[in-house]
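Subject: Structure handover

Hello,

Here is the structure for you to look over. My notes on the sheet, the helices on it and the cores follow below.

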Amino acid sequence: MKTNINIPFGLPIIGNEEKKRVSSVLNGTQLVHGPMALEFENNFCNFVNGGYAVSLNSCTAGLHLSYLTLGLGPGDEVIIPAQSHVATAHAVEYTGAKPVFVDVEIDTGNICLERLENAITSSTKAIGIVHFAGLPVKMDEIKKLAKKNNLSIVEDAALALGAKYKGTSVGLLGDTSSFSFYPVKHITTLEGGMLLTKDEDFSKKIRRMRAFGYDKMVGERSVPGLYDVDMLGYNFRMNEIQAAIGIEQLKKLNGFLKKRNNNSSFLRRELKQIDEIICLSEGTEDLIHANYCLIIILDNSIASSRAEIINKLKENGIGTSIYYPGPIPNFKYYREKYKLRNLHFPNAKRISDKSIALPVGPHVDEDDLIYISDKLKEIIVRL
């Protein structure tokens, strides 16, 4: 067993390949609007086996631009899960549309399909899907509902790079999707994101909107610095250094995913000996999990001791996280703006209040996983 244990919840794995690629950018003459971003986008499409990709400065920017391009605005509603990162709701809010929150399934953390259908109104224009912690949503049912009610589907795939539904990569299951490359995600570009769509015209509009609404990109201008602007655009570009890191990270992604899958399966087996916890669903042959992390739900008998358990794990060198600190509608901004005090999201609240996210990233080895399981059991026994 290792000594001086330090197992972070997440750890970006940056090698010499990334450093060399970044150096080539720094030794060049173009830091934005360059070939690295285009190469990263093309390689990303090859990885997921389809679509048109647009690199951005964040996943949130991708969600924001998706809703804008779909024509969302004041008076419109978008149904989203109550259990997600607040960016899932903010992206709707930025457009002036209203996020409508729906509870999630207790065993997956994904949006509850029955409650989703009941939430559809004449003002509903889109469904925002979150593949919670990397587990794909059952998209056949979502597509049926969307088609029946003429709704767009926006996938929030921030934690789901590498996940697949019935053989198709997440991100290619709806009208548009966004991925995150934040440092502890499946791959990193430091900060950054990628929008993916199967609609070429949609991608072209996003490409313009991410860069102020220019009618000609840098390489398209016959006279340098000469362009027109015929739409409201934003400064959401990914720079060349970020894209350079992404190119090399993407080459390693299959290895990262294999390690995550093996780690998650191994840790699940180790945790079966602890009666006071359950793990969220590991997926099926049709639902290939991206294994961003392993989320455990504490039994009611120990749930009130969650903070103590987390602190004890930290004292023993084990990093954890919480996904997420509360159902989004319980956050002050949304609770007060939309008068949500009398609405209840019991499953989302249970996951928020009684869960701990454990590390399964490629920085973790089997000795670490045994240590995590042993320490968790030891801490729970001593409560």
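Contact here means heavy atoms within 4.5 Å. Please keep in mind that this is a predicted model.

The sheet comes first. It is open, with seven strands in the order E1-E9-E8-E5-E4-E2-E3. Pairing is mixed. Strands E1 (52–56) and E3 (98–102) are at the edges. Each has a single partner strand, so one side of each has no neighbour in the sheet. On average, neighbouring strands are turned by 20° against each other, direction ignored.

Now the E1 end. E1 pairs with E9 (residues 193–197) in the antiparallel sense, over five bridges. Serine 55 faces methionine 194 of E9. Helix H2 (residues 35–48) packs on the sheet and touches E1, E8 (176–180) and E9. The direction of H2 makes about 135° with that of E1. Helix H7 (residues 200–209) also lies across E1, E8 and E9, but runs at about 15° to E1.

Next, the cores. The largest nonpolar core has 49 residues. Phe40, Phe44, Ile142 and Phe181 have the most contacts inside it. Elements giving two or more residues to this core include H2, E3, E9 and helix H8 (240–271). H8 gives the most, with seven residues.

Phenylalanine 181 deserves a look. Leaving aside neighbours within four places in sequence, its contacts include Phe40, Phe44, Leu161, Met194 and Met238.

Another core lies apart from the largest one. That core has 33 residues, among them Val78, Val92, Val154 and Cys293.

Best wishes

Methods:
Residues numbered from 1 in each chain as written. Predicted model: local features only at pLDDT ≥ 70, side-chain atom pairs only at ≥ 80, totals over all residues. Heavy atoms only, no water. Pairing = 2+ DSSP bridges. Helix = DSSP H or I, 4+ residues; strand = E, 2+ residues; numbered from the N terminus. Axes fitted to C-alpha atoms, helices over the stretch in contact; angles between N-to-C directions. Core = buried A, V, L, I, M, F, W, Y, C linked by side-chain atoms within 4.5 Å. Buried < 20%, exposed > 50% of the residue type's maximum accessible area, 1.4 Å probe, protein only.
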